[in-house]
Every structure is written in structure tokens, then in C-alpha cells.
Amino acid sequence: MPPPGDSHPDRWRMLGILTVAELLGMTLWFAASAVSAQYTAQWTLSSSEAAWLTTIVQLGFVTGTAISAVLNVADIVPARALFAACALVGAAANAMLLQSEQLSGALLWRFITGLALAGVYPPAMKMIATWFRARRGLAVGTIVGALTVGKAMPYLVHAIPGAGITPVVASASVGACLAALLVWLGYREGPYPFPARPFSWHLVRDVVRTPAWRLSTGGYLGHMFELYAAWTWLPVFIAASIATHDPTAGARGVSMASAIAFAALAIGGAGCIWGGLVADRRGRAWLVTRAMAISGACSVLIGFAFGRSLWLLVPVALVWGFFVIADSAQFSVLVTESVPSHAVGTALTLQTSLGFLLTAVVIQLVPPLAARVGWQWAFVLLSLGPVFGIASIARLVRSTAGRR
């Protein structure tokens, strides 16, 4: 029989509110990345310089989550207020991109955007966990699915013929403002609140000393090694593949690449929900192991579709997009189940901070690798992440079985 909290009549309404809010708020993440080709032409950027439009967001997010973890912000500040305030700050910083006249100014605002998103992404997972226990995998999976679709939205806007920098960036800021309003007016704490705790310098230390947290985070790091580099560079890979297959595609090819990229990222929303359902039924370790195995295989197989018909490329991209994120929420749920309830916010934030710090490095590794071996084989590097992640989760399963 499910715990009492899972029968609360408002639980699905709260899930709906947070799902829409995450979708709208996360449109900020790739707002500049989706129009990086325009910025590259406008400011005469190299591929490595253009990559910083994404990497700097990761570093801002890492900084924000690190500050939050060390100061226990996620366990002290009410999540509703933290989410709303940070979404508004992110919307304002993102809008300032439209005033930037060179890369340095744009990077400053993108860093602040990432900093603000540290108060939008991790708190939402904690917020929905206060409403669900028996179906927590599905609930957190739905939230991660929503933010996945939200991150893909700028590519959908960019796929509209003639849509340039202003529509893409402005629509993301409007979405984040709506997200703040929605959470501030509609959200309230659920029947399973995590107890508040005064600030403690020892909380991070206590989290890191927990073996289950370390192994869960090891799996998460393997997952993150692949995820954001795939999301960042898959649109470029698709555009290069289309241009190789049909050199006359021109602007039509650019719009087509943006539409395919949106589909490949957005399908991850369905992957997250599927992952939550399966994890609640078969177990989280079972789900994350299978998802990483399939996504890691796709990172290798997609190279064989480069420069070929879209009938070959698109299915591989969609399968990869589905499975590369399907397990993401379950690493967060594993963390909520591996530490004391008073440390959940800090544990989630610390895990996320480490993961995104890793993504900043891997994102920058891909362009020089592509320059050396070509885009066709650049993604093979990413398969190393799932291999490491699967090994870490296998150790977690063995250690858990040993305690029974």
C-alpha cells in the first residue's frame, strides 16, 4: 500500500505546476547555444570560442550550486522563494544578451544566467519530492523530462524560418518570468517536507562520507560526462552531416538541423517519464544501467550515420536523445534515498555541482577532437562516461546487497 502522502489530492496538480515551470525556466539554458552560428558570424568566433557560450553557463551553474551546497542554501531558504527569485534573475541576465556587442560581455551574462539556474533546477527536484514517496521516481523523472524539453525549446524557435537571435533569446526570458510567477502563486510544500536545519559547515563533509552517495554520484558523473556534450554538439553534428550529404542545402539545411536537434533533445522528456515508470517498477540501478548502455552505444553508432540519409541519421539521434537523459532523474532519487532527510538539498546540490563541473570540461574537449578526427567520430569519446557510470552503479548494487 502506498504511503499516505502519495494519495494527497493535490499531488498531481503540484506536479503539473512544477512541470510547466521547469519547462519554461530551463529555456534559458541553451538560448545562446541555439543561435551560436549567428554569434559566430557576427563576432568572428572560432568553434572553441563559440563553445564558451554553453560552457560558461555550466561554470555559472557549478558556482551557484557550490555556493548553495557550502552554505546549505537549499536546506535553509524556502524552495518556493528560491525558485521564483532565481528564475527572475536568470531571465534578466539572459535578456542582457541582446545588449552585448562582443563575446566577453555575452559570457558575463551567460555566467550569471547559469548562476541563477542553480536555484531553479535542484530545488525543483526537492520540491516535488515533498509530494511523492512511492512514485518519487516518476515524479522526479517528469520534472527532469520537462526541463529537458525546456532546454530544447530555443532550437524549436530557431527552426522557424528567419528567426534570429532576438526571438530566441527574448522568448526564453519571457518563459523564465512566467515560471517564477507560476511557482510563486501556485506551489506549496507537500505532505513530506524535508526538515529545516540551521547552517552547518559539517553537512557537506557528512554527505561526502556516505558511501551510497559517493557511488550514486559516480554513476551520475559517468552519465554527465556524456549528456551535455551530446546536447551541446549534436545540433552541430547534425548540421555538418546535412551539409556533407547535401552541400546545396544552405538555409534550408540550417532550419532542418535545428528542427531535428529540437526533436532529439525534446524526446528525452518522454525518456525521463519512461525511466521514472520503469525505475519505480524494476529498480533504479536496473534502469540507469540499461539506459547508460544504450546511450553509450549510440554515441559510437551515430558516427556511422554521418553524411548519410536523414532516414538513417534521425532514428539514431532520436534513440540517443531518448536514452541519454532517461536515467538522469534516477541518480537524483538515489541521492534522496542515500542521505539523511535534513541533508537532501545539500546532497543533491553537491552532486549536481560536481556533475556540471565535469560537463564544462568535456564540452570544451569535443571541438579540438572533431578538428582532429572529424565530426563523424568525435562522439566516440563520450562512450567512456557510461562505461564508468555502469561500473560505479554495479558497485553500489553489490554494497547494498551486502548489507541485506
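Mentor: In this predicted model, Ala, Val, Leu, Ile, Met, Phe, Trp, Tyr, Cys and Pro count as nonpolar, Asp, Glu, Lys and Arg as charged, and the others, Gly among them, as polar.

Trainee: How do the residues lining the largest pocket divide into nonpolar, polar and charged?

Mentor: The lining of this pocket, which has a volume of about 580 Å³, is made up of 28 residues. Ser-36, Ala-37, Pro-235, Val-236 and Ala-239 lie nearest the centre. By class, the lining comprises 17 nonpolar residues, 10 polar and one charged.

Trainee: Which helix supplies the largest share of that lining?

Mentor: At least two lining residues come from each of H2 (36-43), H3 (47-70), H8 (136-159), H11 (211-245) and H12 (250-282). The largest share amounts to eight residues, and its source is H11.

Trainee: How many disulfides does the structure hold?

Mentor: A disulfide requires two cysteine sulfur atoms within 2.5 Å. The cysteine sulfur closest to that of Cys-86 belongs to Cys-177 and is 13 Å away, so the two are too far apart for a bond. Cys-177 is likewise in no disulfide. The number of disulfides is therefore zero.

Trainee: How far apart are the end C-alpha atoms of helix H6?

Mentor: Helix H6 covers residues 103-117, and its buried residues include Leu-103, Arg-110 and Leu-117. At 1.5 Å a residue, its 15 residues should span 21 Å. The distance between the end C-alpha atoms agrees with this expectation, at 21 Å.

Methods:
Residues are numbered from 1 along each chain as its sequence is written. This is a predicted model: local features need pLDDT of at least 70, side-chain atom pairs count only at pLDDT 80 or more; totals for chains, interfaces and linings use all residues. Side-chain values use heavy atoms; hydrogens and water are left out. Helices (H or I, at least four residues) and strands (E, at least two) are DSSP runs, numbered from the N terminus. The expected span of a helix is 1.5 Å times one less than its number of residues. Buried means under 20% relative accessible area, exposed over 50%, partly exposed in between (1.4 Å probe, protein chains only). On a 1 Å grid over the protein atoms alone, a cavity is a set of points where a 1.4 Å probe fits but cannot get out, and a pocket is an open set with protein on both sides within 12 Å along at least five of seven lines; lining residues have an atom within 4 Å of a point. Grid points are joined across faces, edges and corners, and a volume is the space filled by probe spheres set on the points.
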